[in-house]
Amino acid sequence: MKEKLVMIGNGMAGVRAIEELLKLAPEKYEITIFGSEPHANYNRILLSPVLTGEMALEDIMLNDVDWYKDNDINLQLNKKIVKIDRRGRKVMDEGGEETAYDRLLIATGSNPFIIPIPGHELEGVIAYRDIADVDYMLDTANEYKNAVVIGGGLLGLEAANGLKERGMNVTVVHLLDTLMERQLDASSGALLQSSLEDRGLSFKMTAQTAAIVGDKRVEKIQFADGSELATDLVVMAVGIRPNVELAEKAGIHSERGIVVNDTMQTYDPRIYAVGECLQHRGETYGLVAPLFEQAKVCANHLAELGHARYEGSVTSTKLKVTGIDLFSAGDFTGDESTEDIVFQDPNVGVYKKVVLKDNKILGAVLYGNTVDGAWYFDLMRNGTDVSDFRESLLFGQAHIGDAGHGETNAAAALPNTAEVCGCNGVIKGDIVNAIREKGLFTLDDVRAHTKASSSCGSCTGLVEQILASVVGDFSETPKKKAMCKCTDFTHDEVRKAIVANSIKSIPDVMQQMEWKTVNGCASCRPALNYYLVCAWPGEWDDYQSRFINERAHANIQKDGTYSVIPRMWGGVTNPTELRAIADVADKYSIPTMKVTGGQRIDLLGVKKEDLPKVWGDLSRAGFVSGHAYAKGLRTVKTCVGKEWCRFGTQDSTTMGIDLEKMAWGSWTPHKFKIAVSGCPRNCAEATIKDFGVVAVDSGWELHVGGNGGIKVRATDFLCKVTSEDEVIEYCAAFMQFYREDAHYLERTAPWIERVGLSHVKEHIVDDEPGRKALAKRFLDSQKHMQDDPWKQRAEGVHEGEFQPLTEIA
């Protein structure tokens with residue numbers, strides 16, 4: 001017999017908890033939901049577009065009545081619960097009807113605060129909280145002309161803009177001298193006020209409302225300084241308070257909100273709470289992302305899985321107020337112990353302020369151009385030392401050419417047919433429709449439903465812009481980011497557990513760390529496999545947990561054929577090798593041969609069933625895999641160096657060959673490229689490689705963390721060494737540190753930006769014993785990695801991978 005779960009409240013946080021519960025334990029409960037409104041669950045964040053006329057109620061519905069029926073949920077609309085009987089485990093509605101529960105979920109949200117001044121009960125004085133308030137404002141705008149909005153926060157400004165769009169003359173009254181003071185400092189607040197005034201809104205700042213005057217309906221507002229303002233409508237948007245009345249009546253411990261622990265459980269173990277009504281570790285929350293995180297944790301415990309914890313949220317807010325982009329995070333006001341870095345251009349409407357303490361970001365506020373907000377937030381959340389790039393910090397990530405980090409209004413300017421994610425062929429219209437139709441609020445939601453930003457990640461900035469332009473108010477706020485949806489642990493926590501507990505297989509990781517899914521997913525399995533390979537070289541490698549290119553040891557092309565690139569040490573070849581490649585191309589009718597940017601020859605159009613035979617012929621000619629498909633060492637690009645070039649200062653070709661023979665076959669978190677240039681003219685482009693070596697008269701300069709492609713980033717200077725042996729040692733140590741410290745699918749460039757160059761130098765340059773230990777671990781692991789996979793498969797290893805299904809059958 002099913003247990004009875006009753007939920008009080010039918011808002012976004014509560015229904016998200018039910019959605020998550022249905023994914024985990026769809027048959028566990030008989031669910032009843034009580035909602036005080038006549039509507040099913042709708043997106044309250046999009047009330048403003050309804051007010052302006054851009055959307056209708058049906059456009060913002062998240063779960064219609066049919067959804068409840070389809071999931072066998074007893075939905076009770078227009079029914080307010082007035083009593084919780086904890087001893088009898090039942091709730092009572094205002095009609096006196098009782099409903100029993102085994103588990104109770106309180107999701108009563110918050111109440112708008114109404115200033116208790118004379119006249120606040122007059123007709124025409126309302127709050128701005130739900131669709132009924134929007135309907136009232138729309139009716140009023142059709143009949144009256146003047147409106148006053150009390151409160152210069154986000155809701156107040158959106159209400160003011162909506163009423164203005166409906167033809168009313170609107171004045172915003174604010175107690176303080178800065179609009180949106182919780183999200184903006186004085187300078188950015190002044191820019192916002194100026195922009196809104198240009199759009200037709202009026203403001204009365206530092207004004208204290210004393211009374212609302214009228215007979216039956218509001219006629220004017222009186223202020224504490226004696227001034228008055230005529231109006232037909234007063235909208236109070238001065239804040240919200242957690243709705244704890246019902247819980248307090250039932251004796252459930254409450255302070256500012258209903259007090260819960262890390263499992264969303266109240267002091268009554270049968271009663272849980274989620275959303276704006278709760279208080280967790282002394283904090284209350286009103287943004288979507290933390291509320292949805294709470295919902296996931298609550299569902300986990302209602303399903304009796306018992307391993308999820310909510311540990312609070314570090315808030316960042318990305319908003320669009322009347323078409324103006326805003327971002328804030330952390331402590332952006334600072335004090336005498338902090339430093340401010342500020343960029344301001346009022347003429348173009350851009351303001352950036354980053355607050356630093358001990359060269360770490362304490363907070364940030366952005367106005368106008370917010371595309372780097374997520375980057376600043378990550379730096380703040382990770383505690384990254386920014387001293388290495390402090391001088392360019394305010395210019396954001398523009399120097400790496402990330403798609404989406406360009407024109408401020410790039411997302412708004414794009415047509416719906418524009419391609420946003422090239423990796424997965426996702427256009428803007430797909431993303432916009434998914435956000436609206438499926439009720440998406442976070443970047444992870446968009447990735448899950450559209451695949452945009454889920455591959456290389458270069459379009460992340462643009463996807464975030466689109467999300468902000470459609471949703472308006474969203475926040476990515478977890479204190480830690482889980483490795484994937486199958487676990488609540490981070491990449492770092494999983495890696496540490498694997499080493500600390502000597503876990504040596506994917507099933508054991510999932511069992512000991514209580515994975516939510518039986519077999520994991522396409523995100524976590526390759527990552528777990530890599531972490532195990534890195535921790536225990538030669539002891540574990542699950543072939544089936546690799547991506548298709550790594551399983552097939554060749555890059556699949558758009559027509560289903562494959563690309564084969566044999567390794568050419570340092571880009572050097574000879575007539576015998578070239579003839580062997582030509583013979584293979586003729587023998588297997590390979591249609592295209594292409595010289596690559598990595599100084600190798602690419603054979604394009606190889607049929608999958610021909611791969612082992614092609615590899616066998618290449619292997620007998622002395623070639624090994626070029627690993628052009630691998631999350632590992634790809635190429636070592638060289639110039640001819642001093643042997644031939646009159647500008648060359650060192651033998652860069654031999655140096656490159658030695659590095660390649662040392663590092664080939666290695667597996668790394670992402671692809672890894674090396675280049676060696678024979679002089680500072682840098683013909684081998686060493687300063688846009690993961691590890692770059694530039695010869696100078698007195699030795700070698702070592703550079704790290706560069707890459708080309710979509711994200712162009714110049715390297716950071718690591719150090720200078722004098723001998724070839726030192727180059728080998730530093731390269732091996734750097735690769736091993738990257739292998740052990742970076743997250744799976746994290747290139748060296750974003751890794752170094754996340755942890756800081758100083759962190760890398762501390763382990764590679766400053767700590768000689770540590771560097772030598774890292775280099776030794778790398779070279780030891782290479783003993784297990786340098787068996788040529790092409791030769792193995794030519795000899796029959798995993799032969800089923802390369803046979804057509806008809807042959808296998």
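C534 is found in helix 16, residues 524-535. Helices here are DSSP runs of H or I with at least four residues, strands are runs of E with at least two, and both are numbered from the N terminus. This is a predicted model, in which local features need pLDDT of at least 70 and side-chain atom pairs count only at pLDDT 80 or more, while totals for chains, interfaces and linings use all residues. Residues are numbered from 1 along each chain as its sequence is written, and side-chain values use heavy atoms, with hydrogens and water left out.

Back to C534. At 9% relative accessibility, C534 counts as buried. Buried means under 20% relative accessible area, exposed means over 50%, and partly exposed is in between, with a 1.4 Å probe and protein chains only. The areas come from the Shrake-Rupley method with that 1.4 Å probe, and for residues only the protein chains shown count as cover. What lies 205 residues from C534 in sequence but 6.9 Å away in space, C-alpha to C-alpha? That is R739.

W536 sits in the loop between helix 16 and helix 17, the latter being 548-552. W536 is also buried, at 14% relative accessibility. From W536 to I503 the separation is 33 residues in sequence and 9.2 Å in space, C-alpha to C-alpha.

Next, helix 14, residues 491-500. Its buried residues are H491, V494, R495, A497 and I498. They cover an arc of only 165° around the axis, so they lie on the same side of helix 14. The arc is that of the directions from the helix axis to the C-beta atoms. Which exposed residues does the face turned away from the buried side carry? K496, V499 and A500. As background, an α-helix has 3.6 residues a turn, so residues three or four places apart point the same way.

In helix 11, residues 428-438, the buried residues are K428, G429, I431, V432, A434 and I435. Helix 11 is followed by G439, which has a positive phi, near 65°.

That brings up backbone angles. Most residues other than glycine have a negative phi. H627 is not a glycine, yet its phi is positive, about 50°. H627 is in the loop between helix 19 (611-620) and strand 35 (633-638), and at 3% relative accessibility H627 counts as buried. L745 is another non-glycine with a positive phi, about 70°. The place of L745 is the loop between helix 21 (724-741) and helix 22 (748-755). Is L745 buried or partly exposed? L745 is partly exposed, with a relative accessible area of 39%.

Now the charges. Side chains of opposite charge can pair when their charged atoms come close. The structure holds 40 salt bridges, a salt bridge being a side-chain nitrogen of Lys or Arg within 4 Å of a carboxyl oxygen of Asp or Glu. I will go through some of them.

R129 forms a salt bridge with E276, and the closest N and O atoms are 2.3 Å apart. R129 lies in the loop between strand 11 (125-127) and helix 4 (131-143), and E276 in the loop between strand 21 (271-273) and strand 22 (278-280), so the pair ties together parts that are 147 residues apart in sequence. R129 is buried at 18% relative accessible area, and E276 is buried at 15%.

D617 forms a salt bridge with K587, with 3.1 Å between the closest N and O atoms. D617 lies in helix 19 and K587 in helix 18, residues 575-587, so this pair ties together parts that are 30 residues apart in sequence. D617 is buried, with a relative accessible area of 17%, whereas K587 is exposed at 55%.

E746 forms a salt bridge with R754, the closest N and O atoms being 2.8 Å apart. Both E746 and R754 are buried. There is also a network of salt bridges that links E3, K28 and E304.

Last, the surface. Where D64, D66, D70 and D72 gather, there is a patch of negative charge. Patches are made of residues with over 30% relative accessible area and no salt bridge; like charges are joined within 9 Å, and nonpolar side chains (Val, Leu, Ile, Met, Phe, Trp, Tyr) within 5 Å. Asp and Glu count as negative and Lys and Arg as positive, while His and the chain ends are not counted. The place of a charge is taken as NZ of Lys, CZ of Arg, CG of Asp or CD of Glu.
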